[in-house]
Amino acid sequence: MKIIFTLFLFLTLIYACKKTILNNPAGEVVVYDPTPYVIDYGTTLSAPNIPTDNPLTEAKVQLGRMLFYSKKLSGDGTMACAGCHKQENAFSDIDQFSTGIQGLKGGRQAMAIVNMAWNTNQFFWDGRANLLRDQSLLPIQDPLEMHETLPNVVSKLKGDTEMKVQFIKAFGSREITTEKISLALEAFMNTLVSGNSKYDQFLAGTATLSASELRGKDLFFDEYNPGFPNLSGADCAHCHSGSNFENDQYMNNGLDLEANIMDNGRMKATMNSADKGKFKVPTLRNVEVTFPYMHDGRFNTLEEVVDHYNNDIRTSNTLDPALQATQSTGLMLTSQDKIDLVNFLKTLTDNSFLTNPAYKDPN
C-alpha cells in the first residue's frame, strides 16, 4: 500500500511539474534557458554596463524583442514600441513628434535607442527614469503614446501562448509580471549595439576616410580658439565625447532665449531651476539617420544643426559655459568647414546596425 501511495505521489508531482513547464501547442517541454547572450561591441567601444541584477540571456533578450514589437502593449492594439523607434532610423522616429494611438502628438522627439548599455545617468530627454527598465514601462502608460495600463498588458500577455512559453524560457516560470516585462525590454534594448561605423573601421585600420572626412574629424575634436581662427575647431567633443560620442550629462545648448524656453527639460524631473532648459546629450552614432534633431525636432538637417552651433547660440541662465564663450565670434566655420564637419558626422553611420536581422521584428 505504501509503495502504491508513493507511486501515486510521484506521478502527481510529475503531472504538476509538467503543468508548469509544458505550455507549447506542439507538446515540447519548455524549461528555463540560462544560455548567456554575448554582446559583440567591436573594438572601439569599452565594455558595456550590463546591470548585475539583470544579466543577459538569449531567452530573455528574445522575449524583450518580442515585447518591443508587440502591439499588445498598447491600449487599442495598434502600436508597439517599434512604432516610434524604427531600426532604419537607429530606433528613432523621423516625425518631429510621434503620434500616439488616439492620434495625439507627443511633446518631444523620440530619442534613438543606441548603445543604451553605455548610458548610466537616467533616461529620456529629462532623465525622469532612473533605469532603462523604468523607462521601458512609461510610454506604455503615457496617454499621448500607448495609453494602456500595466495590469491590462499583463492580462493580454497571459492569453498569448507564445509569450507564456517565452516567459518560462526567460525566467523559469509561467508567471507574467510587470517587473519581468521591464527586465526583458531592458535586456533587449541593451543589446542594440552600434560599433561598426566607417569611423570605427577607420580606427581599426580597415577603412579610409576621405580628405573632407579627415578634416571634419579634426574640426570635431579640435577646441574653439578665437585667437587663431585658422586653427580653431568646432569643439563638438566638449559634449559628444568618448567612444559613444556623448557625455551622459544634461546640458543647455542654447536653443532659446531665457524668455522663450517653453520646455524646462531636466528641471521637470529635478524641480531645480539650475536645470532649466537642460536636456540629455544624445549619442551622435548614426546621427545621419536620426533626424529631425534636438528634443523638439526643430532642425531637419545636420547642416541646420551646424549652423546653430556656428552662429545662433541663444543666451539663457543655464547656457553651457563652453557655448557661452563662443557667442562673441561664433565658431568661425567656413562653408567648406561645415561641409567637412557634416561629412565626418556621416562616417558615424553603422549600416550593419541599421539592418541587423537580430534586431528586427521576430514575427
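Guide: The side chains of Asp93 and Lys86 make a polar contact at 3.2 Å, and a second polar contact, of 2.5 Å, links the side chain of Asp93 with that of Ser98. Here a polar contact is a pair of N or O atoms within 3.5 Å; within protein, one atom must be able to donate a hydrogen and the other to accept it, and residues adjacent in sequence count only if both atoms are side-chain atoms. The model is predicted, so local features need pLDDT of at least 70 and side-chain atom pairs count only at pLDDT 80 or more, while totals for chains, interfaces and linings use all residues. Residues are numbered from 1 along each chain as its sequence is written, and side-chain values use heavy atoms, with hydrogens and water left out.

Asp93 belongs to the loop between helix 2 (58-68) and helix 3 (132-141); helices (H or I, at least four residues) and strands (E, at least two) are DSSP runs numbered from the N terminus. Asp93 counts as buried because its relative accessibility is 2%, where buried means under 20% relative accessible area, exposed over 50% and partly exposed in between (1.4 Å probe, protein chains only). Leaving out residues up to four places away in sequence, Asp93 touches Cys84, Lys86, Ser98, Gln109, Ala110, Phe291 and Pro292, contact being heavy atoms within 4.5 Å. Phe291 and Pro292 are joined by a cis peptide bond with omega of about -5°, and Pro292 is placed in the loop between strand 2 (279-280) and helix 10.

Phe124 has a positive phi of about 80°, although it is not a glycine, and is buried because its relative accessible area is 14%. A positive phi, of about 65°, also occurs at Met332, again not a glycine. Met332 is found in the loop between helix 11 (321-324) and helix 12, and is partly exposed because its relative accessibility is 25%.

Apart from neighbours within four places in sequence, Phe68 is in contact with Ala80, Cys81, Ala82, His85, Phe91, Ile113, Leu185 and Phe188. In helix 10 (residues 302-311), the buried residues are Leu302, Val305, Val306, His308 and Asn310, and their cover includes helix 12 (335-346).

Phe91 and Phe188 are also among the residues touched by Tyr359. Tyr359 is placed in the segment after helix 13 and is buried because its relative accessible area is 5%. Between Tyr359 and Val193 the C-alpha distance is 9.8 Å, although they are 166 residues apart in sequence.

For the chain as a whole, there are 13 helices and two strands, and buried residues make up 48% of its 363 residues. Among contacts between residues at least 6 apart in sequence, 67% join residues at least 24 apart.
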